[in-house]
Amino acid sequence: AAAAAAAASEYEGEEPTFREVYIPDAVEDERPDDSADPLSLFTKNGTELTCVGKDLRQLPPALSATFGEDVERIDLSYNQLTSCSELVGLRNLQVCVLDGNNITDESLDLPVLPALHTLSLNKNSLADIDTVVLKIKKAAPKLVFLSLLGNEACPNELVARDEDDYQRYRLFVLHHLPHLKFMDSRSVTAEERKEAKRGVHKTVRLTEAEMQKQASKKEKEKDKADASLTPLPATTRNLEDHKSSIGVTKYVYYGRHSEGNRFIRNSDL
């Protein structure tokens, strides 16, 4: 404390001076550069090969030559891949995860992978289920697990389609890939497998007119259901048919705990 006080008194009244400080240039973007050494982005653990969240834009041509045919599982999730043709050398590949990439109907170029039994393509840009299924069927005819969640080709409850749209989609896929045991988020049932064998379910996506018809039908059903759950009588009285009384009550009502218009419908106003 004494030394600090002495130092302060020594420089008291003097203008502060500044010495030059070296400030490094802005740090360059540390994201991996595919052209530098893309193979260094991969991690191999036994028969499993991973490259997750590396902003990889394309698979290196030397992938199979570098890691060999002993790779049985590969995880390429959350990159920027548009093509997967470089998997051609991984003849023993059994599990392939390509979630969160930029693969489209046209760029889906899976090579023939005879040992592949699990394929996950969630959250890509796949829109045409006909094209997607035929390409997958050609590349992996013995597929057991397939997931296409998060793609336009996979119907869900957030889009304006009828309730049976997703089921038609499942039957269509199962017809072309009969070995599937698990699809998207649930197992394939015996009833689904039996129904899929009966014929091709081509109507996977509804037309605009069909969607509007289904939406109108749902709205009417909802209104009917809401009407049946009201505490008010089913019929209303005529305006002239009413009774009223005038008098003085013992208590004053301020409406402090009023339920308001809780049970009054618009048609009753």
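User: Which side chains meet in a salt bridge with Glu 192, and how is such a bridge defined?

Analyst: A salt bridge is a side-chain nitrogen of Lys or Arg within 4 Å of a carboxyl oxygen of Asp or Glu. Here the side chains of Arg 186 and Glu 192 meet in one, at 3.5 Å, N to O. Salt bridges that share partners join Arg 170, Arg 186 and Glu 192 into one network. Arg 170 and Glu 192 are 2.9 Å apart, N to O. Arg 170 lies in helix α4 and Glu 192 in helix α5 (residues 190–198), so this pair ties together parts 22 residues apart in sequence. Helices here are DSSP runs of H or I, at least four residues; strands are runs of E, at least two; both are numbered from the N terminus.

User: What kind of model and numbering am I reading?

Analyst: This is a predicted model, with residues numbered from 1 along each chain as its sequence is written. Local features need pLDDT of at least 70, side-chain atom pairs count only at pLDDT 80 or more, totals for chains, interfaces and linings use all residues, and side-chain values use heavy atoms, leaving out hydrogens and water.

User: Is Arg 186 buried or partly exposed, and what about Glu 192?

Analyst: Buried means under 20% relative accessible area, exposed over 50%, and partly exposed in between (1.4 Å probe, protein chains only). Arg 186 is partly exposed, at 35%. Glu 192 counts as buried, at 6%. Arg 170 is buried too.

User: How many salt bridges does the whole structure hold, and which one joins Asp 165 to its partner?

Analyst: The search finds 5. Asp 165 meets Arg 168 at 3.2 Å, N to O. Both lie in helix α4, 3 residues apart, about one turn of the helix. Asp 165 is buried, with a relative accessible area of 1%. Arg 168 is buried as well, at 18%.

User: Why does a spacing of three or four matter in a helix?

Analyst: An α-helix has 3.6 residues a turn, so residues three or four places apart point the same way. Now take helix α3 (residues 129–139). Its buried residues are Ile 129, Val 132, Val 133, Ile 136 and Ala 139. They cover an arc of only 130° around the axis, which puts them on the same side of α3. The arc is taken from the directions from the helix axis to the C-beta atoms. These residues pack against β5 (118–120), β6 (145–147) and α4 (165–176). Contact means heavy atoms within 4.5 Å.

User: Which aromatic pair links strands β6 and β7?

Analyst: Rings of Phe, Tyr and Trp (its six-membered ring) pair if their centres lie within 6.5 Å. Planes under 30 degrees apart are stacked, over 60 edge-to-face, and the rest tilted. The count here is 3 aromatic pairs. Phe 145 and Phe 182 are stacked: 5.3 Å centre to centre, 10° between the planes. Phe 145 is in β6 and Phe 182 in β7 (residues 182–183), 37 residues apart. Phe 145 is partly exposed, at 23%. So is Phe 182, at 27%.
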